[in-house]
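Please look over the structure below before reading the numbered points.

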Amino acid sequence: MKYLKYSTVIVFLIFPSIILAQRVDSTYLKSLYDRCLDFTEEKADSIKYYADFIHFQSKKSGFIKGDVLSLRLRGIHQELKNNYEKAIDFYLQSLEEARRINGLEYESAALSDLSIVYSYLKRPDKAKEMYLESARLSEKRGDLSNLTTTYINLGAIYNKLQLQDSALAFLNKALKLSKPLENKIDLSSLYNNLGSVYYQSGNYDGALELFRKNMSNHSSGIHTAELWLDYLNIADVFIEKKKYDSARWYADSSLSLALALQSKSKEADSYDVLARLFSRKGNYEEAFKYQQKWYSIDTSLVNSEINHSIVGLQEKYNAREREHQNLLLSAAIEKEKLRSQNIAFLAIAAGLVAALIAGSLIQKRRANKKLLQVNELITRQNDMLAVLNSEKNSLISIVSHDLSGPFASIKMWGHILQADNAYLNNDQRKAVERIVSSTQNGERLIRTILDVEKAETNQHIVNLEEFDLNILAENLVSDCMSTAAKKGIHLHIERSSSPAYIISDRQLVTRIFENLLSNAMKFTPAGKNVWLKLTDEKKTVNIEVKDEGVGIPPEDLPNLYSKYSKISSRPTNGEASTGLGLSIVKRLVEEINGKIQCQSIVGIGSNFTVTLKK
């Protein structure tokens, strides 16, 4: 192995002289660039070498695209080395250069590269923004191959945001576009992302079929990185199917490939799967060991300092863009000034009428100048708001990531104590149960807050369909019966006299039902009643959720739907209340063009009415 390593170095030392002896033209440099795009982690240093070579030769030959090619390759080199901050810096420079030379193809590539790195950094909101812009450019160019790839990546991002319906919509678009291109492009990522959506939706057999199909295509030995992902996905499915021996084999195989590729991010993902596997098997000590390995690597790859630096890089790029736009605006203003002067000279020669016209033009110019100043102020304020919003989203992502580790550790140690509690007395056992329960409540609260904040930045793609509200209501009430019975609440349903068909988004309507019913049962004491009533009007359907609970004081009603608001009423059985439920309901109702009203009397109960158009 020693001699093989040295012989490789010699080839790289003599290679420049071979190339320089030949006549290097733009076609050769472009083919060299295309070949580098297929390199993986083990050839990362070669990518940097070729990037420098392309930059040097382009300067000599005057190849206008040389800078954008070399900058992108340098970004790919840093990304494969897990230096995400430097990678984003090079990708932003590549994006700026692509726009300077009007290279739409390379602009789209830079946007896709940025999207991938933002995904690694757990910034799916920013990744989605970049992919949508890349898709717009691909549609403009009529590039079906790149548009297909972008739709596939958007499907992955929406799946990561837990928006499976939107993910399927983009993946189905990609599947439709890819039919004529089946023999020209690799569709393994499409099958992989479809399998991930099936997995998230609970269709494990469907996901396993697609993952195995990809594994068969990648088993030739030249697709190591792709095979790592196939093993990891199959291990995930077998964990959910409780086939732990199979899951262990695929998880160990994925870790071996990650170590061979020397990829820290892949190694961290493999440890994460092994931690979940041992946790499901009840071996919490082993799970904790792998979870600590994952946390140490993942935290080093994604931390607040890197994210803060990346926000700064993005702002520097935005500032350069604004400076460019300001130069164009200044040129336009100078041109307007010159035109105004010419008109003024003509006005003097033309007499009084021309003087009046000149006066009006001066007034108009002053008004335009003030308008430009106002617009520039608004633009600066909007830019600052965008930066602050990005930092807020980044902070939420970082806090959730940093808190998840300690919570997971506390819960895991709690499970270990519960599993070996022979030496604990009754008070100690109860204390351990409270620790585990409090940890679960803390994790649930973090997820709830993130869901609400995520809803502020991501728009759900409404999928309209016709369905009967009576059937939907019956299914939901049936699901809630066991919860109501545990608390001793009598749950009733009053259907409309005829089928209540509406055209709306089934998923959003379901979430409205679930939130209102859950809220009603939370604030209703044992032995009391909760009703769900449907009324079919001529053009609308009314959904009423009525309870015999504690009621809401009149002074709390104006703030009822405010995010994180806490009213004076308290749940009747000590349940947790974050103040988020009704704010979510109001947002969902407004998203499907509905209205919500509340009537309540303290000590008597509350009645929430949602009105939806048919």
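Which residues do ring pairs link into a cluster? They are Tyr 231, Phe 238, Trp 249 and Tyr 250.

1. This is a predicted model, in which local features need pLDDT of at least 70, side-chain atom pairs count only at pLDDT 80 or more, and totals for chains, interfaces and linings use all residues. Residues are numbered from 1 along each chain as its sequence is written, and side-chain values use heavy atoms, with hydrogens and water left out.

2. The structure holds twelve aromatic pairs. Rings of Phe, Tyr and Trp (its six-membered ring) pair if their centres lie within 6.5 Å; planes under 30 degrees apart count as stacked, over 60 as edge-to-face and the rest as tilted.

3. Tyr 151 and Phe 170 form a tilted pair, because their ring centres are 5.8 Å apart and their planes stand at 40°. Tyr 151 belongs to helix 8 (residues 144-160) and Phe 170 to helix 9 (residues 164-178), 19 residues apart. Helices are DSSP runs (H or I, at least four residues), numbered from the N terminus. Both Tyr 151 and Phe 170 are buried, that is, under 20% relative accessible area (1.4 Å probe, protein chains only).

4. Phe 238 and Tyr 250 have ring centres 5.8 Å apart and planes at 25°, so this pair is stacked. Phe 238 is in helix 12 (residues 224-240) and Tyr 250 in helix 13 (residues 244-261). Phe 238 counts as buried at 4% relative accessibility, and Tyr 250 is buried at 13%.

5. Lys 213 lies over the face of Tyr 191, 4.2 Å from the ring centre. The charged end of Lys 586 sits over the ring of Tyr 561, at 5.3 Å from its centre. A charge sits over a ring if NZ of Lys or CZ of Arg is within 6 Å of the ring centre and within 35 degrees of the ring normal.

Note on methods:
Helix = DSSP H or I, 4+ residues; strand = E, 2+ residues; numbered from the N terminus. Buried < 20%, exposed > 50% of the residue type's maximum accessible area, 1.4 Å probe, protein only.
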